[in-house]
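Please keep the sequence and the model in view while reading.

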Amino acid sequence: MNAINRLLTSAAVGFALSVSTVTAFAETPANMLVIAHRIDDVTTIDPAESFEFAGSDISRNVYSRLVNLDPMDLGAGYKPDLAESWEVSEDGKTITFTMRDGVTFHSGNPVTAEDAAFSLQRAVILNKTPAFILTQFGFTPENATETIKADGNKLMITTDKKYATSFVLNCLTATIGAVVDKATVMANEVDGDMGNTWLKTNSAGSGPYKLDSWKPNESVTLSSNPDYYGGAPAMERVIVRHVLESASQRLLLERGDIDIARNLNPEDIAGASGADGVTIADELKGRLMYLALNQKHPELSKPEVRQAFKYLIDYEGMRDSFLKGQYTIHQNFLPATYLGASDENPFSYNIEKAKELLAAAGIENLEVEIGVREAQERIEIGQSFQNAAAQAGIKVNITVGTAKQILARYRARELDVYLGAWGPDYPDPQTNAGTFAYNPDNSDAANATGLLAWRNSWDTGGLTEKVDAAVTEGDRDARVQMYLDIQAEFRETSPFVVMFQQIEQSALRDNVTNWSTGQAVTSAAYWQVTK
Amino acid sequence: MSLPPWLKTTALTLGSIAVTMLGLLFITFIIGRVMPIDPVLAIVGERAAQSTYDAVYLELGLDKPLIVQFGYYIWDVIRLDFGTSLLNARPVSEDIARVFPATLELATLGITIGIVLGVPLGVLAAVRKGSWIDQIARVVALVGYSMPIFWLGLMGLLIFYGILGWVGGPGRVGIFYVDVVPSVTGLILVDAILDRNWDVFKDAFSHIILPAALLGYYSLAYISRMTRSFMLEQLSAEYVTTARVKGMSEWDVIWKHAFKNIRVQLITVIALSYANLLEGSVLTEIIFSWPGIGSYITTALLSADMNAVLGGTVVVGLIFILLNIFSDLLYKVFDPRAR
């Protein structure tokens, strides 16, 4: 079924739902949380490998970390979890954690500093996708056992140079910072895989929930850990059911067969918000939608042109129409809710201003190609931009392709303009600063495809050094100010037109309280939920 | 020395199965390799370091020539090893053993509804050609052919589950009955009977009846039209007129003579309908959150999980072949000329 048919069908069903009354016949038990969610992105639940949203939700609830984020107070940043306290050496390179006493894994084994050291060493040695979150501190498979060491109930990690403590600790709150039960994992080792094959589908944590089962594309079932050191969660059982279709999720919610629907489309959110016993919870997530101008293009590299493009976006028009409820206007590379995030959004839709800037740059009859991946909202943003640009005398040719086709050209610095989305990898400002505003070697030979600034051939003009300085700043407040300054300069000078930040809307039965999807910085947590 | 006929027939059948399967695997394998999806990126994600990417590339054997990769795959399939899913790291055979019974149960109930209602409706429409019954049968079939299953499924859910509460919602069972009965056959209705757990049976039946009725309706539309057409041909034959002239009852004329002669054609129609349902109706599975083989293969295909795609393809191919063989056997039972 093509997208238009699908849309029409959704609209028809949405209309039918809105004119009919779905009666809540059932109610889930008071000690059970039932969630409808798309979980087809879960490919592994090994925290050393897991890097998808739904997989991170499982890890967040099954594994404890050295430090963690409190779902009831995410703005406070990291707090002690399995590490009761920590100290930083005078040279700023070694952090010594003191482990909490009396905590046990689901297996009954005690949680020790040795388990924590093993977990981090293992993630570095396995070198799976999220390993870069740790290896950026200089840990390598070769030096992992030297730089990450346990001694009694102390864990010492030594980085290759001094970094801001907040940077290191923020990274340890990511999924890859999960502490696994060494004895259980190694008992399931096959061919020196450090238990990777086994842990892809099993768990060995000490978190508030135990994994009962994960049936791919079907369900995830968790049961509460009665021995959790933070106290047994109120929801004794959590069932996450894979329900792909928005209208089906909405029916289940309105009938009372589930407590939370996480993937309702805007039509169903609008409909469900008027239903009896249903509330809508909005949370800002980390995904940013942006345009990027390739600085190899002789015209696009002119400062006035970069500025002009920022006035050719109908921010409010798109937010209030096809992006309604799903995105909010945001013009900075750090998503709101991140440390150092800025709420400055100075650009507005202004064709005349754009024309003036283009004229000042001596631009006439500019024609550019914009690469867009085949996702409905991105194509619509591309079309809106195309219309605005035409009014300013720029011809925009939209090339729609698969992720592989478009990304390959973007990574090869071949596209004039790229319209895409970016989500942070870990809950520290460096995650985005280190890609949007950091590019130490702009040559083709550097092939730094992981850096967005490099992909757009942008020599950041001094921002690279400022980003370097920010990751080593020990004072948290000073660090925040550094990121605010970097973003102020970035807004004015960069070839990135950051436009929107994603909002996740969950529809809940109105007896569900304390629900958190983790905002932009982390994943969903279940242990604080009550009904 | 000439082979005995039965041995020759068996050898020919097995040979044709082998060639068909090989062709099927080859085509699917090639399509999988030319698809614009990078299986390595699908596993490691676009943020992975180049070293991680390279390690997975080698792990998957993608550095080897295509023909070598295909050869390895055929060798594994011969040993009934479909490999592990690239994305969820489980053996593909385990995944298929989990999702195929869900489709089998749904398709079997669906085709049963299609046969039980579709065949009599088609016969009746032929016998009463041009009457209001024929008109109704035509409209029923037309709606069945033309209505998008996605829309009809959602409307069915809205009315029978959302508003009336007569049936269970999406999923195979309600949350209270998940994993309650031991999985012996993977068919929840059968497992519930084996376990004598009637609560689970009732709940599972309330969940399956709506999607099965939906699939049954689509089969009914096809089966009833084909039955009508076959019957009209028979009813205009001379032997039917002769039977009537001889004073045989209308019931005997229709069911003992005319219908008896369309059984072979009907078997082909039903077998094809059943095979289509066993492939898995992707849209029905999506709407009803039914973890069947259709959505399994589709998800695998979109994620470039080629082990899963090829494993699923082998199963679907085998179904078609087995149903064909079964149809051939039934021909011989019903039609002495085919023996």
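The points below cover confidence, chain B, and selected elements of chain A.

The structure is a predicted model, in which local features need pLDDT of at least 70 and side-chain atom pairs count only at pLDDT 80 or more, while totals for chains, interfaces and linings use all residues. Residues are numbered from 1 along each chain as its sequence is written, and chains are lettered from A and ligands numbered from 1 in the order in which they are written. The model scores ipTM 0.78 and pTM 0.84.

**Confidence**

- The pLDDT is the predictor's confidence in each residue, from 0 to 100; its mean in chain A is 92, and 95% of the residues of chain A reach 70 or more.
- Within chain A, helix H1 (residues 3-19) has the lowest confidence, with a mean of 53, and S5(A) the highest, at 98.
- Residues 1-5 of chain A have a pLDDT below 50, and beyond near neighbours in sequence this stretch has five contacts in the model. Two residues are in contact if their C-beta atoms, placed from the backbone, lie within 7 Å.
- Chain B has an average pLDDT of 86, and 96% of its residues score at least 70.
- Within chain B, helix H2 (residues 39-44) has the lowest confidence, at a mean of 73, and helix H8 (residues 188-194) the highest, at 95.

**Chain B**

- Chain B contains 14 helices and zero strands. Helices (H or I, at least four residues) and strands (E, at least two) are DSSP runs, numbered from the N terminus.
- Along the principal axes, the C-alpha atoms of chain B fill a box of roughly 85 × 70 × 40 Å.
- Chain B has 339 residues, of which 39% count as buried. A residue is buried if 20 or more other C-beta atoms lie within 10 Å of its own, exposed if 12 or fewer, and partly exposed in between, with C-beta atoms placed from the backbone.
- Among contacts in chain B between residues at least 6 apart in sequence, 71% join residues at least 24 apart.
- Helix H1 (residues 5-34) of chain B has 30 residues, which at 1.5 Å a residue should span 44 Å, in agreement with the 44 Å between its end C-alpha atoms. The expected span is 1.5 Å times one less than the number of residues.
- One of the 30 residues of H1(B) is buried, so this helix lies largely in the open.

**Strand S5 of chain A and its partners**

- The covered face of strand S5 (residues 94-99) of chain A holds A:Ile95, A:Phe97 and A:Met99, and the uncovered face holds A:Thr94, A:Thr96 and A:Thr98. In a regular strand the side chains alternate between the two faces of the sheet.
- Strand S4 (residues 83-88) of chain A pairs with S5(A) in the antiparallel sense over five bridges; two strands pair if DSSP finds at least two bridges between them.
- A:Ser85 is located opposite A:Thr98 in S5(A).
- Five residues lie between the strands in the hairpin of S4(A) and S5(A), where A:Gly92 has a positive phi near 75°.
- S5(A) also pairs in the antiparallel sense with strand S7 (residues 154-158) of chain A, over five bridges, and A:Thr94 has A:Thr158 in S7(A) as its bridge partner.

**Helix H14 of chain A and its flanking strands**

- Strand S14 (residues 366-373) and strand S15 (residues 394-401) of chain A pair in the parallel sense over eight bridges.
- From S14(A) the chain passes through helix H14 (residues 376-391) of chain A to S15(A) in a right-handed β-α-β crossover. Right-handed means that, with the strands pointing away from the viewer, the path from the first strand over the helix to the second runs clockwise.
- The buried residues of H14(A) are A:Ile381, A:Gly382, A:Ser384, A:Phe385, A:Ala388 and A:Ala389. They cover an arc of only 165° around the axis, which puts them on the same side of H14(A); the arc is that of the directions from the helix axis to the C-beta atoms.
- Exposed residues A:Gln376, A:Asn387, A:Ala390 and A:Gln391 are on the face of H14(A) turned away from its buried side.

**Positive phi outside glycine**

- B:Asp179 has a positive phi of about 60° although it is not a glycine, and with 12 C-beta neighbours inside 10 Å it counts as exposed.
- A:Ser457, likewise not a glycine, has a positive phi of about 55° and counts as partly exposed, with 19 C-beta neighbours inside 10 Å.
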